[in-house]
Each structure stands twice: as C-alpha cells, then as structure tokens.
Amino acid sequence: MHDTHDTHGDCGCDGDEAEPSAATGEGAVADGGTAAAPDSDAATDGGTATETGGDFEPVDVFEGSEMDLRPGADSCYKCTSCDTSCPVAEVDDSFPGPKFQGPEQWRLKRKEDTEVDDSITGCSNCMRCDSACPSDVPLSQMHNTARGEYVDNQMDKLSREYLRNRILANYGTLAGIGSKVPRLTNAIMGNSLVQKVNEKLLGITAERDFPEFADQTFRSWWKQRGGPKVESEDKRIAYFHGDYANYNTVEVAKALVRVYEAFGYEILVPDQRCSGTPMFANGMLDDARRSAAVNVENLGDAVEQGYDVVASCTSCSMALRQEYPELFDFEGTERVAANTYDALEYLLINENVIDPIRAVDGDQLDLPDFAYHAPCHSRNQGLDRQAVELFRHLDGVNVEDVGDSCSGISGTYGWKEEKYDYSMEIGEEMFEHMEHAEGETGMTECPTCSMQMEHGTGYEIDHPLQVLEAALVDTDVEI
Amino acid sequence: MAIEADVVVVGGGLAGATAALSAARDGAHVHLISANESTLRQASGLIDALGYPNPDGDDADDAGTDAAPGPLADPFAGIDDLPADHPYRIVGADALRAGLALFDDAVGDLYRGGHTDRNALVATTSGRAKPTARYPRSMAPGLVSDDRATLLVGFEAATDFDAPLAADRLAAVGVPFDVDGVTVEFPGEYRADAAVTRLAHALERDEDAGEGRTSRQRLADRVRPHLGDAERVGFPAMLGDSQVEAVRADLSERLGAEVFEIPTGPPSLPGIRLADRLFDALDEAGVSMTTGTPVVDHETDGDGDIVRVYIDRNGAEIPYRADAYVLATGGLVGKGVDSDRDGPVEAVFGCHVPAPDDRMAWSEEGAFADHAFARFGVEPDDRLRPVGSDGSPEFGNLFAAGGVVGGADVAREKSASGVSLATGLVAGRSAAEEG
C-alpha cells in the first residue's frame with residue numbers, strides 16, 4: 001500500500017550525502033537511522049544491515065527494508081489527534097506528545113547529527129495514539145524504535161535510571177526468584193523501610209504497595225494438577241499467561257482454565273517468557289527480543305499443532321499481535337500474531353457465551369456490582385467494550401464502564417518515582433468515575449491497571465474471566 | 001462461528017452513529033465497527049444541514065437554476081434546488097427532518113437550534129459567519145444574529161485562532177455588533193506548544209496558575225482590561241472538556257459578560273464531546289461497538305447478499321455476521337472512497353463509484369471550485385443500496401450512508417452533517433427492515 005521509493009529524487013533524503021556512505025556499505029545508516037546493528041535479524045529495533053559490501057545499490061535503500069518508517073511518517077498530516085488522545089501530554093508539561101515523538105522525531109533523527117530527544121522516556125507506551133490516528137501512522141512503532149535507540153546510544157548504562165528501568169522491565173526475572181519464597185518476599189517487599197530504600201536508591205516510588213506473590217505459581221499448580229483435564233482434537237488453545245498471572249494473580253489463570261475447559265477446550269501451557277511489554281516501554285529492546293524469540297518459537301510450535309494462542313492480559317496479546325510483527329522478524333511471528341486472541345474475545349467469536357449467561361440467575365450468585373475500566377491495550381485492540389456488552393446479559397449484576405480515561409499507571413510508568421504524580425493525575429478521572437459508579441468492586445483485564453484502580457480507590461479488582469467463572473462454572477447452567 | 005448481530009454498521013462517524021441509532025430504535029441488535037476512533041473527534045461540532053445549495057449561483061449559467069447562492073436562512077427551502085442525484089433529493093426533506101430529530105433526542109441539552117427550522121449563523125475562527133442547523137450550547141451566546149458587543153480572545157499558545165484578525169473580518173462582513181479581538185497569554189506555566197487538551201484540562205480543573213491564583217481567575221484578570229463595552233466574550237473551544245458549562249459559568253461571572261466558545265479545527269473539544277455523547281446514546285440503545293479495527297474482507301452467498309465481514313485485529317481476522325450491513329465509511333477524505341489510475345472505488349466492498357472517464361475532468365482550477373471529485377461516492381437506489389454500473393444493487397443487504405454516498409459537494413454546500421443524518425436515518429431503517 002505504501003510506496004517504496006526507488007529514486008533519491010523523491011525519497012527526500014539527501015542523495016549527495018547517502019551515496020558515499022553507500023559505497024562503504026553504510027547505506028543502512030542513512031536508512032535505518034542507527035549505526036549499530038546488534039542483531040542481523042533485527043527489524044526496526046536496531047537497523048538492519050541488509051546490504052554490505054560492494055553489491056550495495058542506492059536504489060535498494062528503501063526497498064524491502066522493513067524498518068523504514070518513512071511512508072508512515074509521510075502519512076502524518078499533523079492533525080494532532082494523537083496529541084489530543086495522549087494521557088501524558090494532558091498532564092506533563094515537559095512531554096511534547098506522540099506527534100513529535102513519532103513522525104517528527106523520525107524525520108529529525110534520520111540526519112546523522114541529530115540524536116533521539118530524551119523526552120521519549122516520558123512516553124508511557126499506552127499506544128492510544130495508534131488508534132487515534134486517522135491516517136494509520138505507525139506511531140507506537142516509531143516510539144518503540146526511538147526509545148530503543150535512545151537507550152542503546154545515549155543512556156548511561158551505569159546510571160540509576162538505567163538500572164531501575166532494567167529492573168522494572170525485567171519484572172519476571174525478579175518475580176521468578178521472589179516467588180520461590182513468596183511469604184518472605186511479600187514480607188520484605190511490604191516493609192516500608194525497604195520501600196523507602198527502593199525509592200532512594202533506585203527511584204521506585206515508595207507510594208505503591210509491591211504486588212503480592214501467590215503461595216503457589218500457576219505453572220506449579222498446573223503441573224501438580226497433571227495438566228489438562230479435557231482432551232479435544234479440534235478445540236485447543238495454548239494459554240499465554242505471562243508473568244503476572246503466573247506469579248501474582250494466579251486465580252485469573254485458574255479461572256481461564258476452568259472456563260475454557262467448561263467449553264470443552266484442551267489447554268496447552270507452553271514454556272514462555274514475559275511478553276516484552278515492560279521492556280518495550282523502557283527501550284530495553286534486546287531484552288524484549290530475547291523473550292520474544294522464546295515465545296514465538298514455542299507458540300509457533302503450538303499453532304503448528306492446531307492450537308490458537310489465548311492470553312488473559314491485554315498487554316500480552318497486544319505484544320504478540322502488534323509489537324512482535326512491528327519490531328521483530330523471527331520466523332513465524334506473523335503466524336503467531338494472526339492466531340493470537342484475548343481470552344474473552346476468543347470465546348465470543350467461537351462459542352455461544354451469551355445464551356448461558358442469559359440463563360444464569362445473577363441474583364443467586366455471590367457477585368457484586370462492578371466498575372469496569374478498559375485498559376488502553378484492550379482499547380487499542382478494539383476490545384474495550386466486550387466485557388460490558390457481554391455482562392449486560394447477566395441479570396442482577398451491574399457492570400458499568402467508568403469511561404475512556406487511561407488508568408495512568410501504564411505498567412512500569414507509574415512505578416517510577418518521578419512519574420508517580422503524573423500517573424495519579426492521569427488516573428484521577430478514572431478514580432472519580434469509579435467512585436461515582438454503583439459497584440464498589442473494580443473489573444479490568446490488565447494487572448497493572450488493576451493495581452492502579454486498587455491504589456486509587458481501595459476497591460478489590462476482578463478480571464472478567466473470574467466473573468465468567470462464577471457465572472458459568474460455579475453454577476449448574478448448561479453450556 | 002462469528003460475532004452475531006441483526007445489523008452491522010461499518011463506520012463510526014456521524015452517519016454510522018445515526019444509522020446504528022436508527023436501526024436500534026427499530027428493534028435491531030446493532031454492532032457498529034469503526035476502523036479508527038470516531039472522526040467526530042476531528043469535527044467542529046457544528047451540525048450543518050444546508051447553507052449554500054448553489055454555491056456558484058451568481059455565475060453558474062449551466063446550473064440551470066436560479067437559486068440563491070446562500071447563505072440560506074432555511075435549509076429545507078434549498079433542497080429542491082439541488083441536483084436530482086443529490087442524497088437529499090433521493091431520501092427527501094422528511095428524512096433530513098427525522099435525522100435532525102433523532103440527533104436532538106440523542107444529544108439532549110448539549111445542543112441548541114432544535115426549536116426552529118432556520119439556520120443559525122455561528123462565527124468561526126477565521127472570522128466568517130457559518131450557517132448551521134445545530135450548534136453546541138457553549139456556542140449559543142456567540143451567534144452572529146445577536147447584536148451584543150463582542151470581544152474575541154485568542155491564546156498565544158493556540159495558534160489557529162487569531163482573534164484580532166477574526167474580529168476585523170467579522171466587522172468587515174457587516175455583523176450587527178461591535179467586535180474587537182485580543183490575544184493573551186494562557187495563564188500558568190505551560191510549554192509553548194502545549195496540547196489543547198492540556199490547556200482545557202487546566203481550565204476544567206481550575207489548576208493553580210501561580211501567584212496564588214487559579215487558571216480561571218488569572219484568565220479573567222488578563223481579559224478584563226480589554227473588555228470595554230463587550231457584553232459577551234468568545235474563546236476558542238477549549239473551555240474544559242466534560243465540564244464546559246461549569247467553566248463557562250464561572251468565567252462569565254468573573255468577567256461580568258457572557259462567555260462562549262468558537263468552533264476550532266482539529267483537535268476539537270466540541271467534536272470530542274459530541275462523539276462521547278453520541279456513543280453514550282448508542283450504549284443506552286444497546287448497540288455493540290468495536291473501535292480501532294478496519295473491515296478487511298467479506299463473504300457473499302449465492303444470491304449476492306453479504307453473509308459475513310471480517311475485521312483485522314492486529315493480524316487476526318475476526319468474523320462478524322448480520323442480516324444487513326450499513327456502509328458509513330466516509331468519502332475521499334474519510335477514506336471510504338479510494339482512487340487509483342483506474343478510477344475511484346469504494347474502499348471496503350469495492351462498490352462502483354461513477355466518475356468521468358477523462359481524469360482531467362475530475363477537478364477544476366481553483367481550490368474551492370466545483371470539482372467532480374468532491375461528489376465522488378457510491379450511487380444509491382431509493383433504499384440507499386449502492387448500485388453497480390448496470391444500475392442494480394451491488395449486494396441485496398448493503399445500505400450506504402454519509403460521505404460514501406456520492407452526489408453532494410458537502411464542503412461547498414455546508415451540508416455534511418445533514419447528509420449524514422438524513423442518509424444515516426434511512427440506511428439504518430432499511431437495514432433494520434432487512435434484519
């Protein structure tokens with residue numbers, strides 16, 4: 001759809017400048033924007049040295065090089081819809097907004113003497129700009145690329161900020177260790193002195209309570225249980241639980257298993273690593289690539305065997321479906337993306353969920369009314385309405401949408417000492433709407449939105465799968 | 001399996017929203033699919049029905065009509081002067097009336113103008129008086145027909161409104177009131193190019209703006225010395241988001257003059273407020289909605305009816321099934337109509353779009369001339385089904401509404417919203433009958 005540029009005359013780059021470098025095999029620099037090409041299989045994250053040596057032809061600069069985001073930048077007609085939808089720009093005066101971070105910066109940084117602007121670290125990676133854009137500019141892809149470059153080339157790897165971001169981005173590694181002794185870890189991390197030290201030493205806010213580890217991880221429960229209880233030739237899903245449902249909200253993962261088995265699905269739980277979302281958000285693209293490689297390989301194998309991939313966290317499904325194909329080109333990336341679904345979405349497409357829900361007498365269930373918040377990463381996938389629309393059919397349980405504001409935490413963003421206040425200011429609208437809502441229990445698909453909802457209102461927060469479990473599994477309704 | 005509904009509406013702008021509401025009120029379960037966030041968010045928030053039925057009336061000998069070029073006092077009075085293939089001529093004046101009534105009902109007290117058939121004249125940021133059928137309540141005190149002395153206030157940070165220039169222009173077209181314009185600095189410490197939403201947010205929350213005063217207090221302080229005899233004060237439409245009436249009331253009281261908003265280009269807070277209100281109305285009507293996902297494919301049965309459409313969700317194709325479908329994807333600008341070397345074509349279902357064979361005849365000289373391309377769109381039958389080059393419906397159960405319907409030059413006529421309302425109403429109704 002987008003034109004590739006076959007001459008320097010219309011590509012907009014400076015032909016005089018590009019040609020000498022092309023002769024020395026550095027054409028990819030003028031093109032991709034970075035000198036470093038850490039991995040030869042990198043797509044947009046590091047610049048791909050597609051052409052080296054004397055065979056290089058300038059006319060190929062823009063052909064078949066996936067990391068060229070110029071056509072996307074050219075689609076931007078500066079309508080500022082993205083800035084209007086950016087929750088950070090609405091509260092942070094130092095943040096110039098997605099239009100600058102994306103298409104404008106992409107153009108600026110193509111010149112070798114221009115470095116990525118450090119304001120890129122202000123972006124919370126909510127990705128709302130993507131769906132706001134009427135012109136399909138790949139904004140978040142540009143942001144991810146710029147952030148990765150900034151971290152690779154400009155950030156001091158010994159700085160407190162880098163260390164802190166690396167720790168936050170690699171939550172799963174820490175969680176893996178901490179969850180071995182969950183009670184001890186919970187006691188230590190819940191200690192206010194430890195929290196103060198974290199803030200002083202690392203810049204991790206002391207305002208937040210560290211998420212508690214479950215007594216038993218989901219994977220350990222799954223193993224102990226003996227794996228799947230349902231076998232099926234044609235209804236099979238591979239569950240991508242991610243780190244959080246494995247270590248912290250294990251009850252969400254268990255709800256998924258019970259609901260899907262009730263609908264007759266055989267469940268596979270492949271080996272997996274973090275989806276990479278917190279890594280993208282912190283520009284740790286090398287870490288993200290390592291995780292993604294494992295996930296694409298294992299999920300790809302599952303798809304090969306007829307499993308569809310299902311995630312219970314909307315940031316995980318977003319990463320597998322959008323960010324992987326945008327940033328990496330492992331074999332099978334596109335195939336995994338095309339066969340990945342959100343847990344509720346998949347059921348709504350493939351099963352009759354509505355009739356059983358209708359048949360349930362909600363008044364007989366021990367369920368509260370809910371204040372539902374759609375995470376940005378569900379909104380970006382067009383999944384923001386599915387929970388409220390489904391539970392409209394559940395009599396006696398009121399599920400109210402608390403509006404379209406961002407919760408403000410955006411994964412690791414709200415954990416940073418210097419972002420905490422912004423995070424709470426962004427979330428203010430959601431807190432107010434939650435308090436105005438009839439229900440005094442929250443509902444959302446995203447574990448960090450859930451943290452923020454709880455933090456701002458004191459409400460308990462459930463996942464739609466838990467409500468589905470209560471309505472369809474814990475009752476004798478016919479499915 | 002698929003996601004099931006009686007009617008699927010493709011498109012989330014004013015036409016799509018109207019079609020969905022119209023079908024839902026006729027009892028259909030509707031699913032609305034929008035490729036991006038609603039384009040209403042970029043719209044001015046004004047609801048134009050018809051301002052200039054014959055924009056070249058003075059010099060267009062070949063138009064074959066002697067209709068006044070406008071601006072029209074009564075939009076309905078201009079419908080008979082439109083060409084026979086204009087969407088208003090196809091659906092009729094009653095459809096426009098019913099579409100406006102549906103709109104009035106959906107938006108409630110957010111809008112004014114529903115008490116009369118007549119157009120109002122609203123001052124724009126460029127200092128023109130625009131004929132429009134419905135306007136946000138926040139703009140009501142600013143109508144050009146009102147003779148109270150007026151001060152227009154622009155902000156240095158909001159560069160698309162030059163208040164002194166707009167005031168001069170309004171004075172030059174002979175408005176019946178004294179008008180002056182002034183540019184002030186927005187109170188508080190914000191970056192020079194702060195997002196409009198950032199400033200609106202500051203006013204809505206009445207943030208601390210330094211010197212121990214809030215943003216509204218300091219704004220009033222800055223405007224007061226320029227007031228003169230002005231009894232009303234117009235600001236660009238950024239006086240808060242959902243609490244605009246509270247912001248306006250507060251500023252009015254502080255200034256001792258009635259404060260109003262002037263519609264701006266995108267990003268448009270009145271457009272965002274309208275989108276939010278309409279989507280609430282859709283929710284209340286039980287309409288299901290999916291936003292941010294384009295329709296990329298469809299299947300037909302042996303009779304030529306559409307059986308399913310598929311949306312693209314980040315690579316995965318998701319099927320939606322309905323008895324009838326409404327196409328409300330917009331025109332060339334909205335990307336509902338695409339064009340290549342072979343000619344224009346409707347972008348989602350590939351419906352026929354009539355156009356002159358000679359590409360040179362697609363446009364005329366001059367930016368706002370009578371361009372053929374401006375009227376590009378599908379050709380509808382009397383139930384608003386797009387027809388092929390042979391004149392028969394492309395699909396038995398596809399109905400079109402809004403900018404994707406050809407025959408209107410909405411930018412020149414000032415009829416975009418009215419066309420969306422009238423055709424949206426009829427397309428939604430026809431689709432519900434089918435479902």
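Predicted model: local features only at pLDDT ≥ 70, side-chain atom pairs only at ≥ 80, totals over all residues.

Me: How many aromatic pairs does the structure hold over all chains?
Reply: Pairs of rings are counted here by the separation of their centres, with a limit of 6.5 Å. Over all chains, the number of aromatic pairs is 18.

Me: Is the pair of Tyr260(A) and Tyr265(A) stacked or edge-to-face?
Reply: The ring centres of Tyr260(A) and Tyr265(A) are 5.2 Å apart, with 65° between the planes. Because planes over 60 degrees apart fall in that class, the geometry counts as edge-to-face. The arrangement of Tyr260(A) and Tyr265(A) is thus edge-to-face.

Me: Is Tyr265(A) buried or exposed?
Reply: The relative accessibility of Tyr265(A) is 2%. The cut-off for a buried residue is under 20%. Tyr265(A) is therefore buried.

Me: Where in chain A do Phe280(A) and Phe328(A) of the tilted pair lie?
Reply: Phe280(A) and Phe328(A) have centres 6.2 Å apart and planes at 35°, a tilted pair. The pair joins distant parts of the chain, 48 residues apart. Phe280(A) belongs to helix α16 (residues 277–281), and Phe328(A) to the loop between α18 (314–327) and α19 (333–338).

Me: What is the relative accessibility of Phe280(A)?
Reply: Phe328(A), its partner in the tilted pair, is buried at 2%. Phe280(A) also counts as buried, and its relative accessibility is 0%.

Me: Which residue lies over the face of Trp362(B)?
Reply: In chain B, Arg97(B) sits over the face of Phe76(B), 4.0 Å from the ring centre. For Trp362(B), the distance to the ring centre is 4.5 Å, and the residue is Arg359(B).

Terms used. Residues numbered from 1 in each chain as written. Chains lettered and ligands numbered in written order. Heavy atoms only, no water. Phe/Tyr/Trp six-rings, centres within 6.5 Å; stacked < 30°, edge-to-face > 60°. Buried < 20%, exposed > 50% of the residue type's maximum accessible area, 1.4 Å probe, protein only. Helix = DSSP H or I, 4+ residues; strand = E, 2+ residues; numbered from the N terminus. Lys NZ or Arg CZ within 6 Å of the ring centre and 35° of its normal.
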